[in-house]
Amino acid sequence: MGEAVPGYRLLLCKNKSPGRKETKPEVVERIRDSFLRSPSKSTRRAGAELAVPHTTVWRVLRKRLQFKPYRYQMVQALKPTDKPLRKNFCEKFQEKLDVNGFREHIGVYR
């Protein structure tokens, strides 16, 4: 290989960038402030408000700030009276799988 020229970095691949640029500290602080004010906002909305790609917002939240973005999911609580209904549903569903060999057709075996 040739010699390195003083003042220049030697790159293995010509015209290739050395990698992703680091997010500026000011941007990280703007993202932090935005989510401290409104923690339920989406990364897409924050990206649009801050004029930053939503993937950058997500990466900063996860890797730099160690925030774990998530959404609440509302579900119904199971009651004691639900157990027999669920069992009945499963039994009826299994019967329907047995009709015309559908169970074997989709690869479900007992």
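Modeller: A residue is called buried when its relative accessible area is under 20%. The model discussed here is a predicted one.

Biologist: Which residues in α3 are buried?

Modeller: In α3, the buried residues are Thr56, Val57, Val60 and Leu61.

Biologist: Where on the helix do the buried residues of α3 fall?

Modeller: Viewed down the axis of α3, they fall within an arc of 135°, so they line one face of the helix. As a general point, an α-helix has 3.6 residues a turn, so residues three or four places apart point the same way.

Biologist: What covers the buried residues of α3?

Modeller: The cover includes α1, residues 25–37, and α2.

Biologist: Let us take α2 and α3. At what angle do they pack?

Modeller: Helix α2 (residues 43–50) and helix α3 (residues 54–64) pack at about 115°, and their axes are 8 Å apart. The two helices are therefore roughly perpendicular to each other. The crossing of α2 past α3 is right-handed.

Biologist: Which residues meet there?

Modeller: From α2, Thr43, Arg44, Ala46 and Gly47 meet His54, Val57, Trp58 and Leu61 of α3. By class, the residues of this contact are 4 nonpolar, 3 polar and 1 charged.

Biologist: And how do the axes of α1 and α3 cross?

Modeller: They cross at roughly 85° and come within 10 Å, which makes α1 roughly perpendicular to α3. Val28, Ile31 and Phe35 in α1 meet Val57, Val60, Leu61 and Arg64 in α3. That contact of α1 with α3 has 6 nonpolar, no polar and 1 charged residues.

Biologist: Lastly, what follows α3?

Modeller: Glutamine 66 follows α3, and its phi is positive, near 55°.

Conventions
Residues numbered from 1 in each chain as written. Predicted model: local features only at pLDDT ≥ 70, side-chain atom pairs only at ≥ 80, totals over all residues. Heavy atoms only, no water. Axes fitted to C-alpha atoms, helices over the stretch in contact; angles between N-to-C directions. Helix = DSSP H or I, 4+ residues; strand = E, 2+ residues; numbered from the N terminus. Parallel < 35°, antiparallel > 145°, perpendicular 65-115°, else oblique. Left-handed = near helix turned anticlockwise from the far one by under 90°. Contact = heavy atoms within 4.5 Å. Nonpolar A, V, L, I, M, F, W, Y, C, P; charged D, E, K, R; others polar. Buried < 20%, exposed > 50% of the residue type's maximum accessible area, 1.4 Å probe, protein only. Arc of directions from axis to C-beta.
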